Amino acid sequence: MTELPSRRKLITTGLATVAGASGLTVAARLANRYGLIPPDHFGIYGVGQTLTYASQRILTSHHSMAREFNRSDISKVCPINGDPPEDETYQRLLAGRFADWRLSISGLVARPAVFSLEDLKRYPSSSQITHQACEEGWSFIAEWTGVPLAHVLNLVGVLPQAKYVFFFSFGPKQKWGSLDMLDALHPQTLLAYGMNGPEIPTPHGAPVRVRVPRQLGFKSIKYLSRIIVTDTVKDFGKGLGSSSPEHGFSWYGGI
């Protein structure tokens with residue numbers, strides 16, 4: 001993993017930036033070198049996207065954890081955004097209690113694989129009581145149980161050139177999202193199969209949803225169907241009704 005610049009280096013670069021156009025060029029090169037520019041940056045002048053992403057990456061690390069709460073803090077009401085997929089495939093899996101559900105992982109991995117729900121439940125599990133924040137303004141606290149995404153990615157062997165992990169849901173209007181490797185390998189990022197109990201309720205994303213407590217809710221893809229590991233986000237939206245990485249959302253929604 002590329003080492004982030006020192007605080008002294010960042011202060012120096014900040015002074016160079018305010019010096020003018022040449023300073024912006026230096027800042028852009030440094031930010032790109034250390035992976036501080038998000039894929040939807042629209043150049044160094046995409047101030048909102050670039051500064052949000054860069055500041056999060058500078059001030060936090062792989063070991064920075066989202067706050068975890070006590071069991072007494074679990075919300076009595078957990079709002080739902082959207083209905084479960086109505087397509088035939090998902091409804092058939094739901095009727096069979098997801099016994100035939102399979103999660104494929106492909107792309108830049110050494111060992112492409114397919115996992116059943118029982119496979120995931122056999123791996124080391126992790127539980128967390130964390131805050132689910134929606135970009136629409138509502139939120140709730142729940143207990144999530146699942147297998148760390150890092151464990152599954154280690155099983156398939158992510159290749160050195162990989163930069164992003166894409167997640168796809170079921171449904172004719174397939175929803176999807178992506179993470180960089182720092183968030184994908186973070187210990188709190190889960191393939192969650194339990195919510196306030198052994199299973200996730202259907203409206204909250206059964207049988208498995210991605211849980212990324214350091215990000216806003218639109219990154220926590222529900223009704224997970226497949227994962228692709230890549231070195232680019234370019235053109236992934238084409239064919240799914242969008243040419244942008246996140247269907248209009250800012251690519252990085254860190255909290």
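Is Arg122 buried or exposed? At 60% relative accessibility, Arg122 counts as exposed, where exposed denotes over 50% relative accessible area, buried under 20%, and partly exposed the range in between (1.4 Å probe, protein chains only). The structure is a predicted model, in which local features need pLDDT of at least 70 and side-chain atom pairs count only at pLDDT 80 or more, while totals for chains, interfaces and linings use all residues. Residues are numbered from 1 along each chain as its sequence is written, and side-chain values use heavy atoms, with hydrogens and water left out.

A search of the whole structure finds four salt bridges, defined by a side-chain nitrogen of Lys or Arg within 4 Å of a carboxyl oxygen of Asp or Glu. Arg122 takes part in one of them, with Asp119 as its partner and an N to O distance of 2.4 Å. Both residues belong to helix α5, three residues apart, about one turn of the helix; helices (H or I, at least four residues) and strands (E, at least two) are DSSP runs numbered from the N terminus. In contrast to the exposed Arg122, Asp119 is buried at 19% relative accessibility.

A salt bridge also joins Asp183 to Arg214, with the closest N and O atoms 3.1 Å apart. This pair links distant parts of the chain, as Asp183 is in helix α7 and Arg214 in the loop between β8 and β9, 31 residues apart. Asp183 is buried, with a relative accessible area of 1%, and Arg214 is likewise buried, at 10%. A further salt bridge brings together the side chains of Glu199 and Arg97 (3.4 Å, N to O). Glu199 is in the loop between β7 and β8 (209-211) and Arg97 in the loop between α4 and β1, so the pair ties together parts that are 102 residues apart in sequence. Glu199 is partly exposed at 44% relative accessibility, whereas Arg97 is exposed at 62%.

The largest nonpolar core contains 34 residues, of which Trp101, Phe167, Leu191 and Ile227 touch the most other members. Such a core is a set of buried Ala, Val, Leu, Ile, Met, Phe, Trp, Tyr and Cys residues joined through side-chain atoms within 4.5 Å. Elements giving two or more residues to this core include α4 (88-95), β1 (102-107), α6 (149-156) and β9 (224-230). Helix α6 provides the largest share, four residues. Another core, of nine residues, lies apart from it and includes Tyr53, Trp176, Ile228 and Trp251.

Nine aromatic pairs were identified, a pair being rings of Phe, Tyr and Trp (its six-membered ring) with centres within 6.5 Å; planes under 30 degrees apart count as stacked, over 60 as edge-to-face and the rest as tilted. The ring centres of Tyr90 and Phe98 are 5.8 Å apart and their planes lie at 50°, so this pair is tilted. Tyr90 is buried at 0% relative accessible area and Phe98 is buried at 8%. The rings of Phe168 and Trp176 have centres 5.8 Å apart and planes at 5°, so they are stacked. Phe168 is buried at 2% relative accessibility, as is Trp176 at 3%. Tyr90 and Phe98 form one aromatic cluster with Phe170 and Tyr223. The charged end of Arg226 sits over the ring of Phe168, 4.0 Å from its centre, under the criterion that NZ of Lys or CZ of Arg is within 6 Å of the ring centre and within 35 degrees of the ring normal.
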